[in-house]
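Hi,

Here is the structure I promised to pass on. Have a look at it first, and my notes on what turned up follow below.

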Amino acid sequence: MPITEHPVKAASGTPLVVAAPKSQQKGQQTKAAIVDAALGLATQIGLEGLSIGALAEVMRMSKSGVFAHFGSREELQISVIREYHARFEEEVFFPALQQARGLPRLSALFHNWMNRTSVEIDSGCLYISGAVEFDDRPGPVRDALAGSVRTWLAAMYRAVVQAKEAGHLRDDADERQMAFEIHGLILALHYEARFLKTPGSIDRANTGFANILARYGNDAALAQAEPSSSVSPKKASAKPSSSKPV
């Protein structure tokens with residue numbers, strides 16, 4: 001964990017930075033460890049399944065010790081959502097920013113998302129399980145969860161808009177419809193692969209993305225874009241790809 005720093009002023013009035021006391025650093029490390037354990041539980045049993053008691057048992061701490069770091073079960077759930085979102089950004093969003101705006105970045109976002117999804121088929125996706133648990137339950141936990149999802153979907157939509165602005169999509173391409181269909185692929189993949197255990201679901205999702213590019217993309221830009229598999233977007237609509245996400 002990074003050292004928390006507090007600005008103070010020297011006799012000259014120049015701001016200085018001093019490290020936080022070791023006890024505070026230890027408290028931050030303990031809280032981070034609790035959140036990490038809580039996230040592991042939440043992806044398996046859902047946010048609603050989290051309890052101070054269960055987490056205290058996993059951490060081998062007292063209930064009061066765990067409670068002291070959060071103050072409430074609700075705050076624990078929100079902390080887990082924030083941590084999940086931070087990891088999602090680190091794995092999916094930020095690496096994609098290294099790609100040029102347009103189809104390269106949009107494709108990177110999708111395939112980074114696919115890489116994460118292929119892991120979550122076994123571990124579970126907090127965005128999806130949380131939506132089921134809190135879709136009709138207003139409150140701070142639902143707000144935190146919905147806010148995280150909206151932030152990510154807004155990033156995907158911006159990537160689609162930038163692709164159109166770069167001339168990589170047809171002039172009549174509907175950006176919101178395209179972003180909606182991409183999101184739909186991920187939701188379908190989770191349902192098919194995790195719930196129904198349908199073989200070939202990842203390949204079908206990759207093929208679905210290739211089909212979306214083929215329908216909305218500018219032919220010249222598609223020819224220059226690096227494909228995610230050995231099957232080109234035009235051919236992908238005819239048969240499923242046999243490649244895995246990269």
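This is a predicted model: local features need pLDDT of at least 70, side-chain atom pairs count only at pLDDT 80 or more; totals for chains, interfaces and linings use all residues.

Residues are numbered from 1 along each chain as its sequence is written, and side-chain values use heavy atoms, with hydrogens and water left out.

On the fold, the chain has eleven helices and two strands, taken as DSSP runs (helices H or I, at least four residues; strands E, at least two) and numbered from the N terminus. In sequence order the pattern reads β-β-α-α-α-α-α-α-α-α-α-α-α. Of the 246 residues, 41% count as buried, where buried means under 20% relative accessible area, exposed over 50%, and partly exposed in between (1.4 Å probe, protein chains only). Looking at contacts (heavy atoms within 4.5 Å), 65% of those with a separation of 6 or more are between residues 24 or more positions apart.

Now the rings. Searching the whole structure gives seven aromatic pairs; rings of Phe, Tyr and Trp (its six-membered ring) pair if their centres lie within 6.5 Å, and planes under 30 degrees apart count as stacked, over 60 as edge-to-face and the rest as tilted. One of them joins Tyr 84 and Tyr 127, with centres 4.9 Å apart and planes at 80 degrees, so this pair is edge-to-face. Tyr 84 is in helix H4 (residues 73-96) and Tyr 127 in helix H6 (residues 126-134), so the pair ties together parts 43 residues apart in sequence. Both tyrosines are buried.

Phe 110 and Phe 209 make another pair, this time stacked, because their centres are 4.1 Å apart and their planes at 5 degrees. Here helix H5 (residues 103-123) supplies Phe 110 and helix H9 (residues 201-216) supplies Phe 209, so parts 99 residues apart in sequence are tied together. These two are buried as well.

Tyr 84 also belongs to a cluster linked by ring pairs, along with Phe 88, Trp 113, Tyr 127 and Trp 152.

A salt bridge here is a side-chain nitrogen of Lys or Arg within 4 Å of a carboxyl oxygen of Asp or Glu. Glu 120 and Arg 116 lie four residues apart in helix H5, about one turn, and both are buried.

In total, the structure has ten salt bridges. Another of these is Arg 87 with Asp 36 (2.5 Å, N to O). Arg 87 sits in helix H4 and Asp 36 in helix H1 (residues 22-45), so the bridge connects parts 51 residues apart in sequence. Arg 87 is partly exposed at 29% relative accessible area, and Asp 36 is partly exposed at 40%.

Cheers
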